[in-house]
Amino acid sequence: MRKKYLSALLFGALLFASAGTFTSCKDYDDDINNLQQQITSNKDAIAALQKLVGEGKWVSSVTPIENGFTVTMNDGTTQNITGINGEDGKPGTVITLDPTTNNWIIDGVDTGVCAKGEKGDKGDQGEQGPAGEQGPAGEAGEQGPAGEAGEPGKSPYIDKETGNWFVWEWDEATSEYKAVDSGVYAGSTQIYVVEKEGFIELNVDGTAYLLPTTSDAYNVEAPVPSVYVTTEYAKWNPVTTNADYQKILKAFPELAELKKDQHIKQGGELPVLVTPSNIDLTDGFKFSVQTLNDGVIDGITVSNPQKGLSDNWEISGIYMYSRSASAEDCYWTLQVEQELDGNNYITTKDKPAALVVENANGKVVKTPFAYTIYAPQEITNNVDIFAGDKAKFSSEIDLLSPADENSKAPIYFVNEYKGKYIITLANQLQVEKYGLSIKDGHKLVIANPGNETEISVDVNVIALGLNGKTDSDKVTVKIENSISATGSLSSKDNVVLSTTKVSNNISTIGQYIQWNFEELGFTTATQKDTFLKASKKNIVLVDKDNREIEYTFDVVDAQGASTTDYSKAKTIRFILPSADVLPGDYKIILTAENSTTVVYKTETTMNVSNPSVDTMFKLASGYTENGVMQAVGTVSGNVVSFELVNGIVVPAYASLVEYVDLNHSAYNESDGSDSWGSVNWINGANLNVAPEGVRTSEGTNHLYKKRNIRAVYSLFGNADNKVNFDFEVEVKSAVYSSEPTTVVTIDGTKLTLDSKKTSVDIASITKAVLAAGTKAGTEYNLFTVPGGQRTDSYTNYTDVSSISATSGEVYVTDANGLPIEIELEDMKNFGFSADAIIDASSSNPSQKYYLVRNTTAGEYQGVISYGELFMSLLVGGYYENVNGTAGSDGKDGYKRTDKKAEGDAATLLSLFEKYSAKIKYNSVGKVTVNVPAKSYSTEYLKANSVVEFTNKLEAEKYAALNGTTLSRDFKTGVDIPEGQVKVSLQIVIKDNWGMTMKVPFEAVIKQ
């Protein structure tokens, strides 16, 4: 059986109606159903249209409304259809052809582009008539008719780059349509109609739907853009004495009517799609074919329409079978007959032709130029019989049709006379064992397949060739007898890709996808055993683009161990590596097979998604405030640079693809009226921003404004699996604070000047810490301070006030001259015995203990005295002698150091400082200390900070400023009310980020 070749394009499940695209066999049902699925908001309106069209109604008018149309049917009912994602609410666009100029008209605007070719030239003058007998010469023939106008162009479309309507114009030079920019901007059009003769083409978000506008409207289309119509013939020359021929003749007695050397033709079949599906081409329709330049081809007759496809057709190597076209479909097959012109059959001369269809009312429609009709091909070779591929088991197996689109039929012929064959069963043992019979001449019926995974059936085949010769052969047909899938695997509706390893001994990030073994629905032990012992167990995932990923599945027992024992089988599972798949819908095909025999096959579905972005990525807490990334960065010249990776917690299975400045992207898509976003802040892996005050196209204010950033990551090592992590970032100065006094503190106790203290260095009493960034709280220098000396106070901790007792002990005393009692809670740390502690802790204590200056022999033996406590701290370095061996006043002086005490030393230090606060020290003095020079922190500040009067004119009546030194300086004749006045000052700090911070403070000037 020969295949009929259509074109290099495949049929789709739904083919669209616009010219240059495809039309479904169930145009009004399938198109409207598809529209119903895609446009949820329109589903009620579409359902109503579906019902009305099915009842034979048609569209009487289409009126533009906001973001769409009102469709009015001939019975007066209306439905509103609106576009998806409409943005500006504009009415639907109406596109028509001007009846005079044939120009495209878009919402009343004449594009100036003609949709049809020019009228053809006039026909040649007729030949001179023959001379009459004895009469005047014959009259000249009539003028030939004008050539037919060119075909209408394809439907307009919106160009993605320009947003303009593109329309189609006939190009005389190339005899083809070309797309032309109409210059009319489509804006945010989501829905439009193109008015055609007898139809409207309703376009909703890029999908076209054809609806009738008259009661007798119909449309014809080629199934695909290019259809090749071929015919084959042979000269009839049988060997009538041949036994096989006699058998064929007996089965088909009409062959006796054929004459020797008669041309036997078959093929010449022209497929066509007709809409709506209730059109009956046998009801008074006429047919012809025409080419673009030659018009109707008189020598080619198209007739005898038959519903469906009469044979198998091959489209780009994949088959569409005639049995798939049911009586309800709108596939039709027409027979093509070609006359001889001399010795040659008439063809379309390798030019595409259109099928012209006229109904009984004279309404003419035609397809695009899609058909090429070739000359019949002579077959000279004899028929051959071939054994093909295995068949799939079913109750009836068509021996002349392949099991699927990728295989050959179990029996196929070459150069056969279509339908002239005899197939009989050849093995009686097989007939009885499997209950075999032949139905309709080519269908194998198997009544008792048993549990065998493969069945072999021998058949005798006799086939007749187109030339009358016969061939016969014995063919063994192999049938795969798979286990019946009475059960079904449950769908995996929401598989979230795993971010962890499958198990401790597997390095793959992924997860098990599994089902209960009982879901397979096996009813016998034989079925289970056959399945489990299959040599190959596969899972195939098929994505939306029909790409396949293959895995091996395993069957395990209750403990998770692999098993082939059907009594222990509990779970079917396979490992799904997270790197292998993308989010989306998948078909799962589970197959078990032995060698090439499939013993079991079932399908289900799976939906895959990525983990939530918020569970995978977070802003680092040290860089985040109120959910916004705080970017301090470093300053170099006119750029503040911050490494974004520092502010994001990224899992190990994610890899950075790029950062995107979303404000910059939005600016590029905007009209440019707002300059924010005109500068791209992303430079590779860094956020690069101009400092505050530096002018760019965005202005001068760059810091302390939120910027939207997107981090794009690929997951699990799969470059195609990308996710977006969107966050806000705010660029800050490390120095600046909106509350300056929280980060810059001035010792207010030293800001009172009087006759005893006439000046103060503001730099020496000011402390500044960083306001933001990972070093927030770190101290830095505001001023450049020269080296010098300062005077520090000290206490001589060895010269304590004391009192002697009659017992000979010397007790340390307080300011009132009284001994200092040791508190019960401290006795253990001072070294007292347990007995002493018990005596002191009784309800009526018999003994109290006091701090002694130095330990002497007696009851205080082993107890730490004040002197021993202080000396241990001095030796340990927690206090230091500021005067060396003696101070300038001839006395030792001591002060606390910054050394950190730990362990026992910390206990002693705490003990000393507690009791030191109670002691009266006899000598306090002053000591001169050398102070090293220091400069302002250039990594943070642009310049040395400045101290200035807030109101200079008023302040200079009472004080003077020299750099950072504030002096008491009364002007002659100026009185101070109530003996003192407050002077307002501020420290002006300019940092490298371009920010300026002013820290206010006051000084008191006394009389």
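Mentor: Helices (H or I, at least four residues) and strands (E, at least two) are DSSP runs, numbered from the N terminus. Residues are numbered from 1 along each chain as its sequence is written. This is a predicted model, in which local features need pLDDT of at least 70, side-chain atom pairs count only at pLDDT 80 or more, and totals for chains, interfaces and linings use all residues, while side-chain values use heavy atoms, with hydrogens and water left out.

Trainee: Where does Asp440 lie?

Mentor: Asp440 is not a glycine, yet its phi is positive, about 55 degrees. Its relative accessible area is 51%, so Asp440 counts as exposed (over 50%; buried is under 20%, partly exposed in between, with a 1.4 Å probe and protein chains only). Asp440 lies in the loop between strand 36 (436-439) and strand 37 (443-446).

Trainee: At what relative accessibility does Asp261 count as partly exposed?

Mentor: Asp261 is in the loop between helix 3 (243-251) and strand 17 (263-267). Asp261 is not a glycine either, and has a positive phi of about 65 degrees. Asp261 counts as partly exposed at a relative accessibility of 45%.

Trainee: How many bridges join strand 58 to strand 59?

Mentor: Both belong to an open sheet of five strands in the order 50-51-59-58-55, with mixed pairing. Val712 stands opposite Asn724 in strand 59. Strand 58 (residues 706-715) and strand 59 (residues 718-731) run antiparallel, and the number of bridges joining them is ten.

Trainee: Within what arc do the buried residues of helix 11 fall?

Mentor: The buried residues of helix 11 (904-916) are Ala905, Leu909, Leu911, Phe912, Tyr915 and Ser916. They line one face of the helix, because, seen down its axis, they fall within an arc (taken from the directions from the helix axis to the C-beta atoms) of 160 degrees.

Key:
Two strands pair if DSSP finds at least two bridges between them. The expected span of a helix is 1.5 Å times one less than its number of residues.
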